[in-house]
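Here is a walk through one protein model, taken a step at a time. Keep the sequence and the 3D view open as you read.

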Amino acid sequence: NSATTIQFRLPKNSDVSIQIFNINGKLVRTLLQGNQEAGFHSVVWDGRDNSGRIISSGVYCYKMVAGSFSEAKKLILVK
């Protein structure tokens, strides 16, 4: 499976940013940037970088910022 889904819930309308970084901290892809309504949401990362190139399998991190909330988690991309 070369794609992964990130699900999240917003208690109120918020500006949201979700970005993928490689293990060295370099930005790989911006999945979401902008205002989102309250409720449940999901975004799919298809294993591509911001230029549309398929990237290699490995360990990556995603960072989500929504209003004053910020969280980073690891994910593994396996092809």
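**Starting from one valine**

Let's begin at valine 16, which sits in strand 2; strands here are DSSP runs of E at least two residues long, numbered from the N terminus. Before going on, note that this is a predicted model, where local features need pLDDT of at least 70, side-chain atom pairs count only at pLDDT 80 or more, and totals for chains, interfaces and linings use all residues. Residues are numbered from 1 along each chain as its sequence is written, and side-chain values use heavy atoms, with hydrogens and water left out.

Is valine 16 buried or exposed? Valine 16 is buried, at a relative accessible area of 2%; buried means under 20%, exposed over 50%, and partly exposed in between, using a 1.4 Å probe and protein chains only. Its contacts (heavy atoms within 4.5 Å) include Phe8, Leu10, Leu32, Met64 and Ala66, leaving aside residues up to four places away in sequence. Take alanine 66: it is 50 residues from valine 16 in sequence, yet their C-alphas are 4.4 Å apart in space.

Now for the sheet. Strand 2 (residues 14-22) pairs with strand 5 (residues 58-66) in the antiparallel sense over seven bridges; for two strands to count as paired, DSSP must find at least two bridges between them. Look at isoleucine 18 and you'll find its bridge partner in strand 5, methionine 64. Zoom out, and four strands make an open antiparallel sheet in the order 3-2-5-6. Strand 3 (27-36) and strand 6 (69-77) are at the edges with a single partner strand each, so one side of each has no neighbour in the sheet.

Isoleucine 23 counts as exposed, with 55% relative accessibility. Its C-alpha is 9.1 Å from that of lysine 74, which is 51 residues away along the chain.

Last stop: the largest pocket. A pocket is an open set of points on a 1 Å grid over the protein atoms alone where a 1.4 Å probe fits, with protein on both sides within 12 Å along at least five of seven lines; lining residues have an atom within 4 Å of a point. Of the 15 residues lining the largest pocket, Arg9, Leu10, Pro11, Ala66 and Phe69 lie nearest its centre. Which strand gives the largest share of the lining? That's strand 1, with five residues. Strand 1 (4-10), strand 5 and strand 6 each supply at least two.
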